[in-house]
Number of protein chains: 2
Amino acid sequence: MPTPKVLGPTQEQILSTTLTLFTRKGYFNTSVHDIGRESGVSIGSIYHHFKDKEGVASALYKRMIERMSAELETIKHAHKSAHDRCRAVIQLLFEITETEPEVMEFMLYAKHKEFLPNETPVCSSEPFRIMRELVKEGMDTGEIRTTDIMVASTCLFGGAIRMITSRLDGLIEKPLTSYVDDVWACSWKAVAA
Amino acid sequence: MPTPKVLGPTQEQILSTTLTLFTRKGYFNTSVHDIGRESGVSIGSIYHHFKDKEGVASALYKRMIERMSAELETIKHAHKSAHDRCRAVIQLLFEITETEPEVMEFMLYAKHKEFLPNETPVCSSEPFRIMRELVKEGMDTGEIRTTDIMVASTCLFGGAIRMITSRLDGLIEKPLTSYVDDVWACSWKAVAA
DNA sequence: GTCTATACGACGATAGAC
DNA sequence: GTCTATCGTCGTATAGAC
């Protein structure tokens, strides 16, 4: 954790509204005026707290990356085997998708390069790095078949991630949490030693 | 095939330039002026051939969906087993990613809902429907373990698709085609009976 | 069918009072 | 720190000549 990052109530209000609007209408279809109107904060205030529109998006993105990283680290400490850790990760991702779909939608679906040219794209980000690390350690202990780390990681988590995007796109009716066992059975078979 | 769709050279020129610009800078960062300048076609002509900017994007999207569907159908007829068919699909997707990354990028990464609110999102589209159909038939013949179709499809193709996005994001250095065997080994284990 | 020129609206961002 | 009012720019789309 590089910085603790405590934000005032106004910033929180702005960011929370922004997340809703960005996921509902997209970054480019959301004007700063919209953010002001919906959040009850004036444009002047927004520009006082953030450098510009991209600055708002950037702050939002960083928050979510940090939050996700923290949750993944918690999982890492709570479980010992790669099997249990990776399963817990999928469980977590599915739960977030159900309880805070906006968070998941923003992280996965927003093409950050398009409006955050200076941020690294999602899959190069910290959370994905941690996930690959879990896989790597699983290979070292012999739980996971030895192959290219990238291949193993994408195959282990790729199915779950597509379940998430399908759910967000309305292609899946039931809550993802009811699929955890099924998905995990498939995913683990893909890479287990 | 609902309609043959023959386009004139001007339309082709516009669409081809548009694809390049949309993938390089994104839909919203590309103005119709940009398309005109880069393609050597005047704004007036563009609006003569397409209803509006969204119409250009829509035509592009439909073209690529149709092209992909056609290629998938070809695969379906060229192979008999689900095993061979699905492997061929992954091979095809990897090849397109290497030879025409723009096509893949546009199909997977563009969040169509943001600028094509009236089109169905990628994963509800025809190509994905065909892919699920292949899986379904594999279950019927006993090649693929009987589970939820959605789960099986996402787990079978999810790894490959994430390999593609990782490659497009510059996270993978080597051509995807060199990973086909590895990825397929994992993917097939995930769902094989 | 293709072009140039232009109208018009919207949005990002700032100024400056409180 | 918060607000309102405003400016300047840019981008979509159209008009109308050739």
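## Chain A as a whole

First things first: this is a predicted model. Chain A is built from 10 helices and 0 strands, so if you read along from the N terminus, the pattern is simply α-α-α-α-α-α-α-α-α-α. Its C-alpha trace spans about 60 × 40 × 25 Å along the principal axes.

How much of chain A is buried? Of its 193 residues, 39% are. Take the contacts in chain A with a separation of 6 or more: 66% of them come from residues 24 or more positions apart.

## Helix α1 of chain A

Helix α1 of chain A covers residues 9–25, which makes 17 residues. After α1(A) comes A:Gly26, with a positive phi near 95 degrees.

Which residues of α1(A) are buried? They are A:Ile14, A:Leu15, A:Thr17, A:Thr18, A:Leu19, A:Leu21 and A:Phe22. As for their partners, the buried residues of α1(A) pack against α2 (32–39), α3 (43–49), α4 (53–78) and α6 (101–109) of chain A.

## Where α4 meets α5 in chain A

Now look at a pair of helices. The axes of α4(A) and α5(A) (residues 82–99) come within 9 Å and cross at roughly 145 degrees. The crossing of α4(A) past α5(A) is right-handed.

On the α4(A) side you'll find A:Glu71, A:Leu72, A:Ile75 and A:Lys76, and these meet A:Arg85, A:Ala88, A:Val89 and A:Leu92 of α5(A). Sorted by type, the residues of this contact are 5 nonpolar, no polar and 3 charged.

## Over in chain B

Helix α4 of chain B (residues 53–78) has 26 residues. From its first C-alpha to its last, α4(B) reaches 38 Å, close to the 38 Å expected at 1.5 Å a residue. Its buried residues are B:Val56, B:Ala57, B:Leu60, B:Tyr61, B:Met64, B:Met68, B:Leu72 and B:Ile75. Among the elements covering the buried residues of α4(B) are α1 (9–25), α5 (82–99), α6 (101–109), α7 (112–115) and α8 (126–140) of chain B.

One more stop here is B:Ser16, which sits in helix α1 of chain B. Why does B:Ser16 count as partly exposed? Because B:Ser16 has 14 C-beta neighbours inside 10 Å, and the partly exposed class falls between 12 or fewer (exposed) and 20 or more (buried). B:Ser16 is 80 residues from B:Ile96 in sequence, and the C-alpha atoms of the two are 16 Å apart in space.

How many residues does each chain bring to the contact? Chain B gives 34 residues and chain A gives 34 residues. On the side of chain B that touches chain A, the elements giving two or more residues are α9 (149–168) and α10 (180–191) of chain B. Of these, α9(B) gives the most, with 12 residues. By type, that side of chain B divides into 17 nonpolar, 10 polar and 7 charged residues.

Note on methods:
Residues are numbered from 1 along each chain as its sequence is written. Chains are lettered from A and ligands numbered from 1 in the order in which they are written. This is a predicted model: local features need pLDDT of at least 70, side-chain atom pairs count only at pLDDT 80 or more; totals for chains, interfaces and linings use all residues. Helices (H or I, at least four residues) and strands (E, at least two) are DSSP runs, numbered from the N terminus. The expected span of a helix is 1.5 Å times one less than its number of residues. Two residues are in contact if their C-beta atoms, placed from the backbone, lie within 7 Å. Axes are lines fitted to C-alpha atoms, for helices over the stretch in contact, and angles run from 0 to 180 degrees between N-to-C directions. A crossing is left-handed if the near helix is turned anticlockwise from the far one by less than a right angle, and right-handed if clockwise. Ala, Val, Leu, Ile, Met, Phe, Trp, Tyr, Cys and Pro count as nonpolar, Asp, Glu, Lys and Arg as charged, and the others, Gly among them, as polar.
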